Amino acid sequence: MNALEGIKVLDLTRLLPGPFATMFLADFGAEVIKVEQPGEGDYARGYEPMRGDRGYRFLIINRNKKSLTLDLKKPEGKEIFRKLARNADVVIESFRPGVMKKLGLDYEALSELNPRLVFCSLSGYGQTGPYRMEAGHDLNYVGSAGIPSLTGKPTGDPVIPGIQIADLAGGLMAVIGILVALQGRGVTGRGQQVDASLFSAAIAMLPADASVLFGGGGIPTRGEGRLTGGWPHYNIYRTKDGRYLACGALEKKFWKNLCGVLGREDLSDAIDDKKNFPALKNLLESTFREHTLNEWLQKLEGRETCITPIKNLDEVFEDPHVVENELVVDVEDAELGRYRQLGQPIKLSETPGRLETTAPKLGEHNEKILTELGYTKEEIASFSRNGII
């Protein structure tokens, strides 16, 4: 049995944040119906690289879902969606504020049909505030949240983060909101609206730097913070062969162990005084350049220094720890052949997440879903001819 078995989700999202959120729900057994525009579908379907007729990223984050094409601008399309919503547990949409209301499919309208419905709006800046109608992408949201101002060298320009922080964190916030609302429904008997935004998620990622500012430490300076490169024992160092080590020896015990590896026990107390930091950083920079990455890993093995290699992505997915924890899995598919997928990172002992079906073709489940709603084959054929599905 799956943890979310019996939960039906109508997913109106596309690209990354929303599909990332509903992937988690689908992995744990929710029936996720991906509602897509006829003839077009989720833009990510065409994002290269491709695997067959589907973009690889689309394959990863839309697994375990069903696809229903539906034109929500047409009266017949709206009516089909309303029928689905009557028996759904969750609707999640990622349009700008006001779009669902204009369609007549907003929370107020749908909750009249189904008071137990949880309705999640996942947008760029949220449903209220002066930015609510602004367009944006991940870089805009993290930029507005100040994250690039904290990223990079002190004398350099702000740096674009290597992953989509707001998009992914926003998707996770949506999952949390939906699960909390479902739990709340068990208490109150009613659903509710969940307002999750990518910008708010980016703001929520700032507890460390906000504490500096709020605590009177001033505005954090790029590359000079405790965890952003200002401390020598929490930094990145280049090796002789042009590879890099991540040094996270923040606690005194780890620093002492590192000093032992370096043969510099005399420096064990040097991190107690910040005046020593520039000299220590210079020392570590020159010392780590004396040996290759593999030579350092041999010297550091078993020494409890909190120093690890900075791996290239191909190395990450061959890492035995990653493989053993099924954070990357191989999938066998009759049509697409053998391909790799990201695994489910949340491990449950009794009801684990499962990868059961490939991301669907556009409209793959039209007939099945509409038949379950009571439509005849003739009606379904008419919907197809008239561009409703």
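## Basis of the model

The model is predicted: local features need pLDDT of at least 70, side-chain atom pairs count only at pLDDT 80 or more, and totals for chains, interfaces and linings use all residues. Residues are numbered from 1 along each chain as its sequence is written, and side-chain values use heavy atoms, with hydrogens and water left out.

## Overall architecture

The protein has 16 helices and 13 strands. Both are DSSP runs numbered from the N terminus: helices are H or I with at least four residues, strands are E with at least two. The C-alpha trace spans about 85 × 50 × 40 Å along its principal axes.

Of the 389 residues, 44% count as buried. Buried means under 20% relative accessible area, exposed means over 50%, and partly exposed lies in between, with a 1.4 Å probe and protein chains only. Among contacts with a separation of 6 or more, 69% come from residues 24 or more positions apart. A contact means heavy atoms within 4.5 Å.

## Surface and charge

The protein exposes about 20300 Å². Carbon and sulfur atoms supply 53% of that area. The areas come from the Shrake-Rupley method with a 1.4 Å probe; for residues, only the protein chains shown count as cover.

There are 48 positive and 53 negative side chains. Lys and Arg count as positive, Asp and Glu as negative; His and the chain ends are not counted. The centres of the two sets lie 3 Å apart, with each charge placed at NZ of Lys, CZ of Arg, CG of Asp or CD of Glu.

## The β9-β10-β11 sheet

Three strands form an open, antiparallel sheet in the order β9-β10-β11. Strands β9 (234–238) and β11 (307–309) each have a single partner strand, so one side of each is left without a neighbour in the sheet. Neighbouring strands are turned by 25° against each other on average, direction ignored. Axes here are lines fitted to C-alpha atoms, for helices over the stretch in contact; angles run from 0 to 180 degrees between N-to-C directions.

Helix α11 (residues 277–288) packs on this sheet. It touches β9, β10 and β11, and its direction makes about 35° with that of β9. Helix α12 (residues 293–300) lies across β10 and β11, running at about 30° to β10. Five bridges join β9 to β10 (residues 244–248). Two strands pair if DSSP finds at least two bridges between them. Asn235 stands opposite Cys247 in β10.

## Parallel pairings

Strand β6 (residues 90–93) is covered on both faces. Val90 and Ile92 are buried on one side, Val91 and Glu93 on the other. In a regular strand the side chains alternate between the two faces of the sheet. Strand β6 pairs in the parallel sense with β1 (residues 8–11) over three bridges. It also pairs in the parallel sense with β7 (residues 118–123), over four bridges. Val91 takes part in both pairings: Leu10 stands opposite Val91, and Phe119 in β7 is a bridge partner of Val91.

Strands β2 and β5 also pair in the parallel sense, over five bridges. Lys66 in β5 is the bridge partner of Ile33. Strand β5 is mostly covered, with four of its five residues buried.

## Backbone sites in loops

The peptide bond from Glu48 to Pro49 is cis, with omega near 0°. Pro49 is in the loop between β2 (31–36) and β3 (50–51).

Asn64 has a positive phi of about 65° although it is not a glycine. It lies in the loop between α2 (56–61) and β5 (65–69). At 12% relative accessibility, Asn64 counts as buried. Cys306 is not a glycine either, yet has a positive phi of about 60°. The loop between α12 and β11 holds Cys306. At 36% relative accessibility, Cys306 counts as partly exposed.

## An exposed helix proline

Pro207 is found in helix α9 (residues 207–214). Its relative accessibility is 57%, so Pro207 counts as exposed. Pro207 and Gln193 are 14 residues apart in sequence. Their C-alpha atoms are 26 Å apart in space.
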